[in-house]
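Hello,

I am passing this structure on to you. Please open it first, then read the notes below.

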Amino acid sequence: MNPHDTPRRRPDVEAVNQPGVQALFDPETGAVHDLNPASMAIWEACDGLTEIDELAAAIATLSQARPADALQDVMSTVAQFRELGLLAE
Amino acid sequence: MDRPETGSNVQIQFFEEPSPRPEASNLLVIGPDSADDMLTAVGNGAAGYVPISRSIETVVQAVLDVSRNQAVIPDTMLGALIREVVRSRRENTTDEAQLEVLTGREREVFALAAKGLDKFAIGQRLGISPATSRTHLANIMAKLDARSRAELVARAAAMGIDTTPEER
């Protein structure tokens, strides 16, 4: 994975994004994955058009985190989505 | 517009049309459960936004957070805000990239053309001949892919360049 990747979420994965509840349901496996709000925001940005580094830069701007730290967090989260098979190939 | 005192330095405003234009950075807006309304409030300077459907405890916590200079964004709307920041950064990057193709002199000419000055007035302002102004203008229009002076002015406005007409 590199910062210019544009991850795309699988369209059949259902997201629940309500106050206090952020989760993904994978209909293929029946698994429910609990997320934190930041991970849900990253999931929503996995539209196949947004580059990882664009996303990280936006998060760094909003959270006043170091860009390098934000990039590492986003890449780590996207890697987890990929490991769980939640992203389209 | 209802703006009750909170006992702290935080102002609370209930969202209503037209969109708020707060001057203070300590403003907490309570509004519809809509990401678009949140983006409007934050875009207009609000430090925090709480959907009206949230509990009073959430509002109280938001007041405390804003009073500590912390931004308050509903966790369910974080994605929308991030997408907006990405979009905004893309626009700015595009504008900067477009301007970078212009030389320093061309930027000066562009700024004056954006205010409606013709080649004679531009030449007078910059101490160059009308023919040179015309050449610069032609180059600028080619580089920015503008087909007319009107389109050039529209392009300038989209880039945030002052297009207020000036006396010649």
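In which loop of chain A does Leu49(A) lie? Leu49(A) sits in the loop between H1 and H2 of chain A. Helices here are DSSP runs of H or I with at least four residues, strands are runs of E with at least two, and both are numbered from the N terminus.

Before going on, two notes on the basis. This is a predicted model, in which local features need pLDDT of at least 70 and side-chain atom pairs count only at pLDDT 80 or more, while totals for chains, interfaces and linings use all residues. Residues are numbered from 1 along each chain as its sequence is written, chains are lettered from A and ligands numbered from 1 in the order in which they are written, and side-chain values use heavy atoms, with hydrogens and water left out.

**Leu49(A)**
Leu49(A) counts as exposed, at 62% relative accessibility. (Buried means under 20% relative accessible area, exposed over 50%, partly exposed in between, with a 1.4 Å probe and protein chains only.) Leaving aside neighbours within four places in sequence, Leu49(A) is in contact with Thr6(A), Glu54(A) and Arg90(B). Contact means heavy atoms within 4.5 Å.

**H2(A) against H3(B)**
Glu54(A) and Arg90(B) also belong to the contact of H2(A) with H3(B). Other residues there include Leu55(A) and Ile59(A) in H2(A), and Leu81(B) and Val85(B) in H3(B). By class, the residues of this contact are nine nonpolar, one polar and three charged. (Ala, Val, Leu, Ile, Met, Phe, Trp, Tyr, Cys and Pro count as nonpolar, Asp, Glu, Lys and Arg as charged, and the others, Gly among them, as polar.) The two helices pack at an angle of about 110 degrees, with axes 9 Å apart. Axes are lines fitted to C-alpha atoms, for helices over the stretch in contact, and angles run from 0 to 180 degrees between N-to-C directions. H2(A) and H3(B) are therefore roughly perpendicular to each other, a term for angles of 65 to 115 degrees.

**Chain B**
Chain B has seven helices and three strands. Their order from the N terminus is β-β-α-β-α-α-α-α-α-α. Of its 168 residues, 40% count as buried. Lys115(B) is found in the loop between helix H4 (104-114) and helix H5 (119-126). Lys115(B) is buried, with a relative accessible area of 16%. Not counting residues up to four places away in sequence, Lys115(B) touches Asp162(B), Thr163(B), Thr164(B), Pro165(B) and Glu166(B).

Best wishes

Notes:
Angles under 35 degrees count as roughly parallel, over 145 as roughly antiparallel, 65 to 115 as roughly perpendicular and the rest as oblique.
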